[in-house]
Amino acid sequence: MLLTSFLVLALAGPALAATYAQTDSHTGTGFPKSFSYQAISDPTHGRVNYVNSATATSQNLTFASGDHFILRADFKTKLSASGPGRNSVRMQSNKQYTTSVMVFNIRHMPQGCGTWPAVWTVGADWPNQGEVDILEGVNDKGPNQSTLHTNAGCTMPGSRSQTGTSTGNNCDSAATNNAGCGVTMPDSRSYGPSFNSNGGGWYAVERTSSFIKVWFWSRNAAGIPSDVSGGATSVNTDNWGTPVAYFPSTSCPISSKFGPHNIVINLTFCANLLLVAAVVVDLSILFSGGDWAGNVYGSSGCPSSCVDYVNNNPSAFTDAYFDFAWLKIYG
């Protein structure tokens, strides 16, 4: 009996271990080869003009050098109030992913009043195929918050194994005015100027049919897993410790609420408050209605109004850029 039990456990061990092999690696010029530029109207109605590849290249809004990939907004042009928004970039991965691990090594993220940078994954039929916000915030207001958005029938338990703080447990976008179910990170270095002044860090997300987990490690934090910091050819998430955000399938059938996802990286400005509700500290602002420019922007200590500031202060966006060292994906 003991021998039989031992053999069963031994055979079950590898299947239960959370080990993944690298399937994709993007560094420098690998990003524009593996992502497409989305020159579309901003779905969040921001003061932004998403440009195509040719414009991004000619205006130096995206460029690669060695292990740097830069994605930024225009910081030279004063805008007409009646014209298009500030030129910026939205990119979407050519490949889609389901069960996977993604590790983003980011040196710098966009900062400044009016900015709304995001790194996220999304299905084709929003919100029916789900959305996972990995990195997202507004107006330099940290820390970061990771959020799920779904259709009806996805909720999170009130208590679960994570280091972050839940802001809501109903992931249904319609029922929560697009807020979804978010988790605020405990580390102030996870977003904005603090993230940048500490050299950035690593974001990781693991998605299975049983859960979605998000981790963050600041650049100089203690105990960063070596497979994360080194971008190893395989990773074992069992060794990564308690995640910042943990979204189990207890009351959310992840396999049916989240379809194949593309990765999206974008920078917008002054977007609709109801679509950025997950990062509003004072939720009374959200439920009283209004938009980001009129409420969240002013409460962030930023000058003027959001639209006026974005229109008239191009030099304020000198630091509104992403600097990616690499992105590794495992499956």
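Taking a disulfide as a pair of cysteine sulfur atoms within 2.5 Å, the count comes to 4 disulfides. The model is a predicted one, in which local features need pLDDT of at least 70 and side-chain atom pairs count only at pLDDT 80 or more, while totals for chains, interfaces and linings use all residues. Residues are numbered from 1 along each chain as its sequence is written, and side-chain values use heavy atoms, with hydrogens and water left out. A disulfide is a covalent bond between the sulfur atoms of two cysteines. With bonded cysteines counted along the chain, the pattern is 1-7, 2-5, 3-4, 6-8.

One of the disulfides joins C154 to C252, with an S to S distance of 2.0 Å. The torsion about the S-S bond of C154 and C252 is about -90°, so this disulfide is left-handed. C154 lies in the loop between β11 (145-149) and β12 (165-166), and C252 in the loop between β17 (245-248) and α6 (254-257), so the pair ties together parts that are 98 residues apart in sequence. Helices (H or I, at least four residues) and strands (E, at least two) are DSSP runs, numbered from the N terminus. Both C154 and C252 are buried, where buried means under 20% relative accessible area, exposed over 50%, and partly exposed in between (1.4 Å probe, protein chains only).

C171 and C181 form another disulfide, with their sulfur atoms 2.0 Å apart. The link of C171 and C181 is right-handed, with 90° about the S-S bond. C171 is in the loop between β12 and β13 (181-184), whereas C181 is in strand β13, 10 residues apart. C171 is buried, with a relative accessible area of 0%, and C181 also counts as buried at 0%.

A further disulfide joins C270 to C306, with an S to S distance of 1.9 Å. The link of C270 and C306 is left-handed, with -90° about the S-S bond. C270 lies in the loop between β18 (262-269) and α7 (283-287), and C306 in helix α9 (residues 306-312), so the pair ties together parts that are 36 residues apart in sequence. C270 and C306 are buried.

Now to the strands. Strand β10 (residues 131-136) is mostly covered, with 6 of its 6 residues buried. Two strands pair if DSSP finds at least two bridges between them. Strand β9 (residues 115-122) pairs with β10 in the antiparallel sense over 5 bridges, and V122 has E131 in β10 as its bridge partner. β10 and β11 also pair in the antiparallel sense, over 3 bridges. Here the bridge partner of E131 is H149 in β11.
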